[in-house]
Amino acid sequence: MPGRKLHRQTVVESATDELRRRILSGEFREGEALRQDALAEEFGISRIPLREAFRQLAAEGLVTIHPHRGAVVSSLSPEEIAELFDLRALLEPDLIRRAVPRLGPADLAGAETILAAYSAAIDRADLNAWGELNTEYHLALYRPAGRAQTLALVRTLLANTDRYTRLQLAVAGGTDRAKAEHAELLEICRRGAAEEAARFTRRHVLEVKRDLLRLIAAAADDAPMQAAD
């Protein structure tokens, strides 16, 4: 891939956004070291803003900074992945329960626009867009709750589970269900059914967690067999 010079936003924000994109898309894989000198040269920036970008990604849980290895893409165990989804299942239903009574026509129209783009991304198998639009869609519905601290936590949880959600969609064949469930959630919100939206959101998150953990377990079971071949 040719180098991408970064010009938008501040240098730190631009570097953070680009590194986050590469991690979530799988271009940088779990356990991979981020080569500071090479990235600084590619982006056309010094190492100082790059180190700040690493710190921001570490705060988001996407990168782990080791004293001697530098920044490494975080690798999560099945137990840690399950915990992230469990936290989502606690926080997101509360947000949408509070948000539904405050959702206005503009909020619903915005969510519908994002949902249309999400469905289109699934149809063309655009993995990068899936995760970004999934996050945008959920946050658009949660934002009217007016709970800035909870929303910030959920944003971080969505960022940390995004790559795993993409895996579940791409490998487990959950794209049709994802489209249907997102559309159903929007209709529930249109009806103003706050408690139903909360129950639906919790079930949606936990079903993704269940499917993903099954997928990870199946892959782990296959690995020893492949090694023996």
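This is a predicted model: local features need pLDDT of at least 70, side-chain atom pairs count only at pLDDT 80 or more; totals for chains, interfaces and linings use all residues.
Figure 1. Leaving aside residues up to four places away in sequence, T201 is in contact with E92, P93, I96, Y142 and L185. T201 belongs to helix α9, which comprises residues 194-228. With a relative accessible area of 1%, T201 is buried. One of the residues that T201 touches, L185, is itself among the buried residues of helix α8.

Figure 2. The buried residues of α8 are T175, A178, E181, H182, L185, L186, I188 and C189. They lie on the same side of α8, because the arc they cover around the axis is only 160°. An α-helix has 3.6 residues a turn, so residues three or four places apart point the same way. After α8 comes G192, which has a positive phi near 75°.

Figure 3. Buried positions in α5 are L108, A111, I114, L115, Y118, S119, A121 and I122. Because they cover an arc of only 155° around the axis, they fall on the same side of α5. P105, A106, T113 and D123 are exposed on the other side of α5. Just after α5, A125 adopts a positive phi of about 55°.

**Figure 4. Packing of helix α2 (residues 36-43) against helix α3 (residues 47-59).** Two packed helices are described by the angle between their axes and the distance between the axes. For α2 and α3, the angle is about 115° and the axes are 9 Å apart. The two helices, α2 and α3, are therefore roughly perpendicular to each other, and their crossing is right-handed. At this contact, Q36, D37, L39, A40 and F43 of α2 meet R47, L50, R51 and F54 of α3.

**Figure 5. Overall context of the close-up views.** The protein chain has nine helices and two strands, arranged along the sequence in the pattern α-α-α-β-β-α-α-α-α-α-α. Of its 229 residues, 45% count as buried. Among contacts between residues at least 6 apart in sequence, 70% join residues at least 24 apart.

Technical notes. Residues are numbered from 1 along each chain as its sequence is written. Side-chain values use heavy atoms; hydrogens and water are left out. Buried means under 20% relative accessible area, exposed over 50%, partly exposed in between (1.4 Å probe, protein chains only). Helices (H or I, at least four residues) and strands (E, at least two) are DSSP runs, numbered from the N terminus. The arc is that of the directions from the helix axis to the C-beta atoms. Axes are lines fitted to C-alpha atoms, for helices over the stretch in contact, and angles run from 0 to 180 degrees between N-to-C directions. Angles under 35 degrees count as roughly parallel, over 145 as roughly antiparallel, 65 to 115 as roughly perpendicular and the rest as oblique. A crossing is left-handed if the near helix is turned anticlockwise from the far one by less than a right angle, and right-handed if clockwise. Contact means heavy atoms within 4.5 Å.
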